[in-house]
Amino acid sequence: GWRVVSLPHSRVIHLEGQSIRKRMTEMLVVSQQSQFYLFQKHFGGAHLQLLRLLTTVEMGLRSMLWACFWLLRPTSRPQAGERLAAYRRILIRTLTDRTFWAPRDTPRWVPR
């Protein structure tokens with residue numbers, strides 16, 4: 001229900017992902033939630049449930065990989081710690097929080 005505005009003469013300059021590095025955990029969690037929303041909107045419930053299953057497997061595999069980085073490369077520990085925290089949050093919310101993986105189950109119309 002938002003109005004779309006186009007600013008054809010605007011410019012955006014990306015500074016090598018600086019904003020993402022500051023909020024990596026939040027960015028990964030929101031990105032996964034957006035993927036759930038996309039699947040629910042365009043592919044339906046069965047595909048959404050399959051994505052939930054695959055997400056649990058993916059988070060397990062990613063966690064194992066980044067745990068190895070954390071153990072074997074001390075210089076990677078800050079990044080590995082952030083990613084492990086994000087993957088843990090994604091896994092827990094995928095398994096337990098319906099509003100995370102099925103945001104459209106809540107009413108979309110709100111009276112003004």
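Which residues are buried in α3? I found Leu48, Leu51, Arg52, Thr55, Met59 and Trp66 buried there. Buried here means under 20% relative accessible area, exposed means over 50%, and partly exposed is in between (1.4 Å probe, protein chains only).

Before going on, I noted the ground rules: this is a predicted model, where local features need pLDDT of at least 70, side-chain atom pairs count only at pLDDT 80 or more, and totals for chains, interfaces and linings use all residues. Residues are numbered from 1 along each chain as its sequence is written, and side-chain values use heavy atoms, with hydrogens and water left out.

**Overview.** I counted five helices and zero strands; helices (H or I, at least four residues) and strands (E, at least two) are DSSP runs, numbered from the N terminus. Buried residues make up 21% of the 112 residues. The accessible surface comes to about 8,900 Å², with 62% of it belonging to carbon and sulfur atoms; areas come from the Shrake-Rupley method with a 1.4 Å probe, and for residues only the protein chains shown count as cover.

**Helix α3.** I checked the span of residues 45-72: the 28 residues should span 40 Å at 1.5 Å a residue, and the end C-alpha atoms are 40 Å apart, which agrees. The expected span is 1.5 Å times one less than the number of residues. The cover over the buried residues of α3 includes α2 (24-43), α4 (77-96) and α5 (98-101). I also looked up Val57, which sits in α3 and counts as partly exposed because its relative accessibility is 46%.

**Helix α2.** What is buried in α2? My list reads Met24, Thr25, Leu28, Val29, Gln32, Phe36 and Gln40. They cover an arc of only 160° around the axis, so they are on the same side of α2. The arc is that of the directions from the helix axis to the C-beta atoms. After α2 comes Gly44, with a positive phi near 95°.

**Helix α4.** In α4 I found Ala80, Arg83, Leu84, Ala86, Tyr87, Ile90 and Thr94 buried. Seen down the axis of α4, these fall within an arc of 165°, so they line one face of the helix. Pro78, Arg88 and Thr96 are exposed on the other side of α4. The cover over the buried residues of α4 includes α2, α3 and α5.

Key
Contact = heavy atoms within 4.5 Å.
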